[in-house]
Amino acid sequence: MKSISLRLAAWYALAATITLACLFVVGYQLLQKYLVHGLDLLNTAEFQQIRARLGSDYATLDSAVIDERIRETTEYASVLFYIDIDSHRQDGILFYSNNLERRPIPDVKGEQFYNAKMKGIGELRVAEFPLPPFDVTVATPLRQIRKVMEAYVEVCSALLGAMLVLSVVIGVALSRVALRPVRLIHETARRIGSDNLSERIPVGQVRDEISELAQLLNQMFDRLEYSFNQIRRFTAEASHELKTPLSLVRLQAEKLLVSGALAPAHEEALQIQLEEVARLSRIIEELLFLSRAEARAITLALEPHDPVLFLQMFAQDARVLAEHHGRQFALISEGQGMVAFEEHRIRQVLLNLLANAFDASPHESLITLHSSVGDGVWRVSVADQGPGVPADQRERIFERFVRLDRQGGERTDGGDNGSGLGLAICRGIIELHHGRIRAESGADGRGLRVVFEIPCTL
Ligand SMILES: Nc1ncnc2c1ncn2[C@@H]1O[C@H](COP(=O)(O)OP(=O)(O)OP(=O)(O)O)[C@@H](O)[C@H]1O
Ligand SMILES: [Mg+2]
C-alpha cells in the first residue's frame, strides 16, 4: 500500500477488530462458565428439595417408599430435571424420574459436576450428590445454554463486522487528521524553489515530532537560501568587478592596434584577443543581468505597445538576418490588443530565439514567428525545422551554461561562440514581464518551438 494514511487506517482497523475479537472470546468463556455454574446451582437446589422430601429416615427406605415420596416432586420438575438414585447397598438404581425412561444418567467417576450425553435427550449438565447409602444424580439439559452461546457468537460476529467497517472509516479520518501537518509540509516544500526560497513551512503550536521535522526542514531552507544568496551575490559582484579590468584590457589592445606599430602576426593575435575579450564582456554582462533579474533588482519600463506593429517592425530585421543565414522566415500574427512590455528586452528575447533557430536548423528551412493576442495573454512562438531537443532536456536548456550536442547530450567543450546563457536570459526577461517561457516540439513533431506568454495587463 502506497499511502501511509491507508496503512495507518488498516493497522488501526486490524488492531481494534482483533482487540474486540479477543474480548469476545474471553466474554464467551466467562458467559459459558457463568451459565453452567447456574445449572449446577439449580441441580443443587433440586437435590436439596429431594432430600427434604425423602425425610430424615431416608437411609432405611426401599425403592417403593422412595418412589412414593418423591415421584410427585420429580414429575412436577420433569421439564427441567432428570433424576436417578443409586443405592450402594442394593446394587442398582432405586429410582428413575419418568423422563429418563429407566435409563441411568451416565456416571463419571471422581467428578461431582460434569457434562454427559444421552441418546434422545441430548447434552446434560450432571451433578452427583452423595446421600449415604445413596447417590442422587440430578441432570439438566444444556440445550438452552448452547442456544444462548450460539446467539452470542452470531451477535459477536455481526458486531465484529460492524467494528471492522467502522474502524476503517475512523482510521481513515484519524490518519487524515494526524497527517495533515505532513501534507502541509509536502505542499510547502514542493512550492519552494530557487525563485521563492524565502517561503517557510508553517510550524504548529504543539511541540511534537512533526513540528520538529518542519523546524529542521526550515533550518535546511535557511541554509539553502543563504548559500543561494551567497552565489548570487558572488556572481553579481564578480561580474561587476571584472567589467572594469576587461574594459582596460580592451582599450589598451585597441590603442596598440591603432598605433600600427605591430607586426602583422601580432596584430592578428591581438584581434583574436579583442574578440575573446568582447565575448567575455558579453558573458559578464549577461551574468550580471541574470543575477539582478533573479534578485528582482531590475525594474522594467513597461509601456503599452501594439504587438502586431512591433512584430512587423521586428520581422523586417528578422528577414534580413534569415537571408544572411540562408533561412526562410515567416510571420503569422493573430488577434488584436495592447500589451505592456519593454520593447528592447522583448526584441532581445526574439533575437536570442532566432539565433538559436539559425544555429539548429538546416539551410533553406523555414523559421516561423507566430503571435496571437487573446484571453488576456500575448502568446509568441519561434519554431524551426531543426533536430529539436529531447523532451527530458527541454526544461534544462533554460538553465545557465547548458548547451546540448546534436544527440541531446550535454556539450562540455567551448565549441562555437555560444555560452549557453541565451535561453536563461530569455526566461529572466519574460519572468520580469510576469510571463512564462517553455520549449516544446514543433508542429509535426519536427524541430523545436519556444513559446512565451505575457499577460496583457492593460
Ligand atoms: N532551436 C533549437 N533547436 C535545437 N536546440 C536548441 C534550440 N535552441 C536552443 N537549443 C539548445 O539549447 C542550448 C542552450 O541554448 P542557449 O540559447 O541558452 O545557449 P546557446 O545558444 O548555446 O548560447 P548563447 O545563446 O549564450 O549564445 C543550445 O546550446 C542548444 O543545444
Ligand atoms: Mg542561444
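**Figure legends: a predicted chain in close-up**

The chain exposes about 27,100 Å², of which carbon and sulfur atoms supply 58%; accessible areas come from the Shrake-Rupley method with a 1.4 Å probe, and for residues only the protein chains shown count as cover. The model is predicted, so local features need pLDDT of at least 70 and side-chain atom pairs count only at pLDDT 80 or more, while totals for chains, interfaces and linings use all residues. Residues are numbered from 1 along each chain as its sequence is written, chains are lettered from A and ligands numbered from 1 in the order in which they are written, and side-chain values use heavy atoms, with hydrogens and water left out.

**View 1. Overall build of the chain.** The secondary structure comes to nine helices and 12 strands, where helices (H or I, at least four residues) and strands (E, at least two) are DSSP runs numbered from the N terminus. The radius of gyration is 49 Å, well over the 23 Å that the globule rule gives for 458 residues, so the chain is more spread out than a compact globule. This radius is taken over C-alpha atoms, and the rule is 2.2 Å times the number of residues to the power 0.38. Along the principal axes, the C-alpha atoms fill a box of roughly 160 × 45 × 40 Å. Of the 458 residues, 36% count as buried (buried means under 20% relative accessible area, exposed over 50%, partly exposed in between, with a 1.4 Å probe and protein chains only). Among contacts between residues at least 6 apart in sequence, 61% join residues at least 24 apart; contact means heavy atoms within 4.5 Å.

View 2. Five strands form an open sheet in the order E2-E1-E5-E4-E3, with antiparallel pairing; two strands pair if DSSP finds at least two bridges between them. Strand E2 (92-96) and strand E3 (113-118) are the edge strands, each pairing on one side only. Neighbouring strands of this sheet are turned by 30° against each other on average, direction ignored. Helix H2 (residues 63-76) packs on the sheet, where it touches strand E1 (82-87), E2 and E5, and its direction makes about 35° with that of E2. Axes are lines fitted to C-alpha atoms, for helices over the stretch in contact, and angles run from 0 to 180 degrees between N-to-C directions.

View 3. Eight bridges pair strand E4 (residues 122-131) with strand E5 (residues 134-141) in the antiparallel sense. Leu-131 has Phe-134 in E5 as its bridge partner. The peptide bond from Pro-132 to Pro-133 is cis, with omega near 10°, and Pro-133 is placed in the loop between E4 and E5.

**View 4. Two loop residues with positive phi.** Most residues other than glycine have a negative phi, and most peptide bonds are trans. Glu-101, in the loop between E2 and E3, has a positive phi near 50°. At 60% relative accessibility, Glu-101 counts as exposed. Glu-364 lies in the loop between H8 and E9, and its phi is positive, near 65°.

**View 5. Packing of helices H6 and H9.** Helix H6 (residues 264-294) and helix H9 (residues 422-432) pack at an angle of about 35°, their axes lying 10 Å apart. H6 passes H9 in a left-handed crossing; a crossing is left-handed if the near helix is turned anticlockwise from the far one by less than a right angle, and right-handed if clockwise. From H6, Glu-286, Phe-289, Leu-290 and Ala-293 meet Ala-424, Ile-425, Ile-429 and Leu-432 of H9.

View 6. Five strands form an open sheet in the order E7-E9-E10-E12-E11, and the pairing is mixed. Its edge strands, strand E7 (328-334) and strand E11 (436-441), each pair on one side only. The twist averages 15° from one strand to the next. Helix H7 (residues 307-325) lies across E7, strand E9 (366-374) and E10, and runs at about 175° to E7. Helix H8 (residues 343-360) lies across E7, E9, E10 and E12, running at about 170° to E12.

**View 7. Strand E10 and its two partners.** Five of the seven residues of E10 are buried, so this strand is largely enclosed by the rest of the structure. E9 and E10 run antiparallel and are joined by seven bridges; Ser-372 is partnered by Arg-379 in E10. The two strands form a hairpin with two residues between them, and Asp-375 in the turn has a positive phi of about 55°. Strand E10 (residues 377-383) also pairs with strand E12 (residues 448-455) in the antiparallel sense, over seven bridges. The bridge partner of Ser-381 in E12 is Val-451, while Trp-378 stands opposite Ile-454 in E12.
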